[in-house]
Amino acid sequence: MTAPRKRFVGILVGVLVSSHMACVALKGEVWPFCNYAMYSSVFPGGKWSTLKLVGVAAGDGGSEVELAEDQLPVTDLVMGFALRRLVRDGRVDEAAAQYLQWHLDERRRNGSKWRALRAVRVYRLHWAVNTAADNVDSPTDRELLVEATLEEGA
Amino acid sequence: MTTSNLAGRWERFWFSPTGPEALGLCRVLFFALMLTYFGGVDFGRFARVPSAFFMPIPLFEYLHLPVLSEANLRRLAAVWNVSLVLSCLGVMLRPSMVVSWVIGVYLIGLQHNFGKTNHSDAALILVMGILTLSRCGDAFALRRGNRWAWSRDAVPARRQAHSGEYRWPLRMVWVLTTMIFMAAGLAKLRQSGIYWVTSNFLATLLVNHHYSHEPPTRWGLFLARFPILTYPAALGIVVLELSFPLTLISAAARRVLVPAMFLSQVAFGLLMGVWFFHFLALYLVWVPWDKLLAAARVSRPSLVAFLPSRACRSRALAGRGN
């Protein structure tokens with residue numbers, strides 16, 4: 001190997017290491033350089049909360065329907081994170097309204113395979129966590145944050 | 001330790017002459033994994049995600065990278081898949097790897113603009129970049145000679161000589177892996193200190209993931225009931241992450257820490273439903289392929305007829321040296 005080529009490799013190593021160390025030191029990330037801080041912050045046990053988007057069916061008294069992952073524009077996991085950021089940024093109303101329009105458009109695209117919605121709601125779900133996790137399907141409490149409704153004739 | 005000692009160690013670590021097979025095989029397996037990870041992803045759907053959900057990561061924000069139209073995303077993904085296949089096979093390797101890296105940065109990065117940045121695929125981008133800059137096509141590559149064939153007779157013999165060119169890319173992935181695990185350990189200490197271990201937080205994580213994820217087993221709930229198990233496990237995780245840099249300097253440490261880290265990530269999947277599939281691409285590089293291929297040559301010569309032959313490399317060494 002030539003000396004310039006070795007110097008080039010040395011520079012690459014420097015960039016790789018210093019970029020990661022900078023992310024660690026600054027507690028930030030500039031993807032694809034990350035600080036890999038997942039699960040690093042301790043939080044108290046015994047409770048759990050998350051945000052959830054729920055549909056309101058059109059034409060049957062307004063019953064709520066679970067939105068399967070294929071009825072979300074992103075995966076269920078990503079949606080939870082996205083809603084958290086949108087709530088924090090005060091943009092969750094706008095996002096819920098846009099989602100409703102997205103659902104309508106996608107439903108038209110897929111030949112109305114999905115149930116029609118007249119509204120969507122964003123809830124914050126709370127659980128009193130127990131070590132058997134036998135109440136996963138029944139949150140202890142839920143708090144309505146936002147409801148977006150389709151305009152007449154949409 | 002003197003400066004010359006240090007320089008010698010640096011030289012040996014990065015540039016000790018090595019054959020091209022391990023690097024070539026890692027390239028084949030890496031791009032095959034990339035195809036399994038991303039070959040079936042419908043990138044076109046990201047064009048339809050409502051704009052309120054678009055929260056660009058710095059790469060997209062500062063470079064003003066747009067979300068392309070659905071048709072263009074699908075076209076780009078098709079080109080990407082072709083370039084991944086070509087990179088895997090070693091056909092038109094340099095251009096195909098450059099294309100697969102550039103498009104990969106965009107398409108893999110695109111997924112992180114909607115509220116959550118995934119960490120595990122970041123390493124894939126960096127590994128792809130390292131391979132693109134390396135001579136990973138000098139073995140296990142299809143070349144046009146009299147016919148398409150694995151590289152045995154197609155790559156010029158002089159390029160199959162032992163060289164540091166075949167060592168540094170693999171070592172750089174070692175360093176990358178080490179940075180990732182060490183960063184994870186340091187983050188725990190910086191954010192929570194020893195409280196991460198002493199608060200029995202691991203038990204909390206094990207239980208809460210049954211509310212946030214869908215673990216394939218309920219073993220995590222069982223384990224969480226026994227602090228006598230969760231405290232040492234938490235300590236073990238932090239020690240494992242922080243001691244991972246030892247793998248760079250000690251073969252004994254490699255034999256223990258790399259499988260231990262792999263098993264701990266499998267445990268995360270089984271206990272918490274968090275799978276680190278993308279890390280398989282990193283573990284590939286820790287497998288001692290040279291030794292395995294040498295053993296395979298001895299025991300099953302018919303199965304490895306496509307490998308660059310020892311005789312070929314010997315001729316190269318005799319004729320040109322390193």
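This is a predicted model: local features need pLDDT of at least 70, side-chain atom pairs count only at pLDDT 80 or more; totals for chains, interfaces and linings use all residues.

Me: Which helices of chain B touch chain A?
Reply: H1 (3–15), H3 (58–62), H5 (93–110), H6, H7, H8 (195–198) and H9 (201–212) of chain B each supply at least two residues of that side. Helices (H or I, at least four residues) and strands (E, at least two) are DSSP runs, numbered from the N terminus. H7(B) has the largest share, 15 residues.

Me: And what is that side made of, by class?
Reply: The side of chain B that touches chain A has 39 nonpolar, 19 polar and 10 charged residues. Here Ala, Val, Leu, Ile, Met, Phe, Trp, Tyr, Cys and Pro count as nonpolar, Asp, Glu, Lys and Arg as charged, and the others, Gly among them, as polar.

Me: How much area do chain B and chain A bury between them?
Reply: About 5,900 Å², with 69% of it on carbon and sulfur atoms. Buried area is the accessible area (1.4 Å probe) that two parts lose on being put together, summed over both. B:Phe53, B:His119 and B:Tyr211 supply 14% of what chain B buries against chain A, more than any other three residues. In contacts (heavy atoms within 4.5 Å), 68 residues of chain B meet 62 residues of chain A.

Me: How many salt bridges between chain B and chain A?
Reply: There are 4, counting a side-chain nitrogen of Lys or Arg within 4 Å of a carboxyl oxygen of Asp or Glu. A:Glu106 with B:Arg48 is a salt bridge whose closest N and O atoms are 2.6 Å apart.

Me: And over all chains?
Reply: The structure holds 17. One pairs A:Arg121 with A:Glu64, at 2.6 Å from N to O. A:Arg121 is in strand E3 (residues 117–128) of chain A and A:Glu64 in strand E2 (residues 64–65) of chain A, so the pair ties together parts 57 residues apart in sequence.

Me: Switching to holes. How many cavities of 30 Å³ or more are there?
Reply: The structure holds 2. On a 1 Å grid over the protein atoms alone, a cavity is a set of points where a 1.4 Å probe fits but cannot get out, a pocket is an open set with protein on both sides within 12 Å along at least five of seven lines, and lining residues have an atom within 4 Å of a point. Grid points are joined across faces, edges and corners, and a volume is the space filled by probe spheres set on the points.

Me: What lines the largest cavity?
Reply: Its volume is about 180 Å³. It has 17 lining residues, and the closest to its centre are A:Met38, B:Lys188, B:Glu241, B:Phe268 and B:Phe276. By class, the lining has 13 nonpolar, 2 polar and 2 charged residues.

Me: What about the second largest cavity?
Reply: That has about 40 Å³. Its lining divides into 9 nonpolar, no polar and no charged residues, including B:Cys26, B:Phe30 and B:Val127.

Me: And the second largest pocket, how many residues line that?
Reply: The pocket has a volume of about 640 Å³. Of its 22 lining residues, the closest to the centre are B:Trp174, B:Arg254, B:Trp286, B:Val287 and B:Pro288. H12(B) gives the largest share, 6 residues.

Technical notes
Residues are numbered from 1 along each chain as its sequence is written. Chains are lettered from A and ligands numbered from 1 in the order in which they are written. Side-chain values use heavy atoms; hydrogens and water are left out.
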